[in-house]
Amino acid sequence: MNIETLTSFQLLIAAFFIASLILHLLQVGRLRRNKHQLAAMQANIQGLSNDLRAMFSASVGLDKRVARIEKKARMQAERQDKLELHEPNLQVYGQAARLVRKGADLDEVVNTCGLSRGEAELILFLNGEHNVTQATH
């Protein structure tokens with residue numbers, strides 16, 4: 001082997017070594033970036049997980065409150081039904097109020113429900129958008 005061949009071979013080895021070193025440094029840099037991205041993603045996932053747990057806890061509490069409100073509403077409706085069954089006059093007043101909300105006038109409420117004029121005027125006043133004085137004329 002001559003010196004030129006040896007020098008070319010050494011240069012080739014040196015170039016290969018330098019290229020390997022550059023590739024290694026690039027991979028190390030990429031690895032560091034990936035580690036930082038992974039840490040940021042893990043922190044984001046942890047935050048989302050905490051938010052999800054908080055939302056779940058809130059929804060459980062809300063479900064309980066809604067269930068209590070629905071139970072009270074059912075009990076109230078049952079109580080109203082019992083009252084209407086025991087008090088037939090309440091059914092008449094309820095019917096009169098529904099008629100007024102549908103637009104019935106004073107005479108129609110008196111004739112349909114069999115109420116006195118004063119009772120019908122009161123229901124019209126409490127439930128209607130009409131003026132009682134206009135309805136009596």
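**Entry 1: the nonpolar patch**

I began with my patch rule: patches are made of residues with over 30% relative accessible area and no salt bridge, where like charges are joined within 9 Å and nonpolar side chains (Val, Leu, Ile, Met, Phe, Trp, Tyr) within 5 Å. Accessible areas come from the Shrake-Rupley method with a 1.4 Å probe, and for residues only the protein chains shown count as cover. A salt bridge here is a side-chain nitrogen of Lys or Arg within 4 Å of a carboxyl oxygen of Asp or Glu.

With that settled, I found a nonpolar surface patch of about 720 Å², made by Phe-17, Ile-18, Leu-21, Ile-22, Leu-23, Leu-25 and Leu-26. I picked out Ile-22, which sits in helix α1 (residues 3-86).

Residues are numbered from 1 along each chain as its sequence is written, and side-chain values use heavy atoms, with hydrogens and water left out.

The pLDDT is the predictor's confidence in each residue, from 0 to 100. I read an average of 85 for the protein, with 85% of the residues scoring at least 70. By element, the highest mean pLDDT is that of helix α3 (residues 106-113), at 92, and the lowest is that of helix α5 (residues 132-136), at 46. Residues 130-137 fall below 50, and this stretch has 11 contacts in the model beyond near neighbours in sequence; contact means heavy atoms within 4.5 Å. I left that end alone, since where pLDDT is low, the predicted coordinates should not be read in detail.

**Entry 2: the overall layout**

I counted 5 helices and 0 strands, taken as DSSP runs (H or I, at least four residues, for helices; E, at least two, for strands) numbered from the N terminus. Along the sequence the pattern reads α-α-α-α-α. Of the 137 residues, 12% are buried. The accessible surface comes to about 11,600 Å², and carbon and sulfur atoms account for 61% of that. Among contacts between residues at least 6 apart in sequence, 25% join residues at least 24 apart.

Which residues of α3 are buried? I listed Leu-106, Val-109, Val-110 and Cys-113. They share one side of α3 because they cover an arc of only 100° around the axis, the arc being that of the directions from the helix axis to the C-beta atoms. After α3 comes Gly-114, with a positive phi near 70°.

In helix α4 (residues 117-127), I found Ala-120, Ile-123 and Leu-124 buried. Their arc is also only 100° around the axis, so they lie on the same side of α4. On the face turned away from that buried side, α4 carries the exposed residues Phe-125 and Leu-126.

**Entry 3: the salt bridge**

My rule gives 1 salt bridge. Arg-117 pairs with Asp-107, and their closest N and O atoms are 3.1 Å apart. Since Arg-117 lies in helix α4 and Asp-107 in helix α3, the pair ties together parts that are 10 residues apart in sequence.

Leu-99 is in helix α2 (residues 88-101) and is buried, with a relative accessible area of 18%. Leaving aside neighbours within four places in sequence, I found Leu-99 in contact with Ala-104, Val-109, Thr-112 and Cys-113. From Leu-99 to Ile-123 the C-alpha to C-alpha distance is 9.8 Å, for residues 24 apart in sequence.

My last stop was Leu-126 in α4, which counts as exposed at 59% relative accessibility. The C-alpha atoms of Leu-126 and Ala-97 are separated by 8.4 Å, though these residues are 29 apart along the chain.

Key: This is a predicted model: local features need pLDDT of at least 70, side-chain atom pairs count only at pLDDT 80 or more; totals for chains, interfaces and linings use all residues. Buried means under 20% relative accessible area, exposed over 50%, partly exposed in between (1.4 Å probe, protein chains only).
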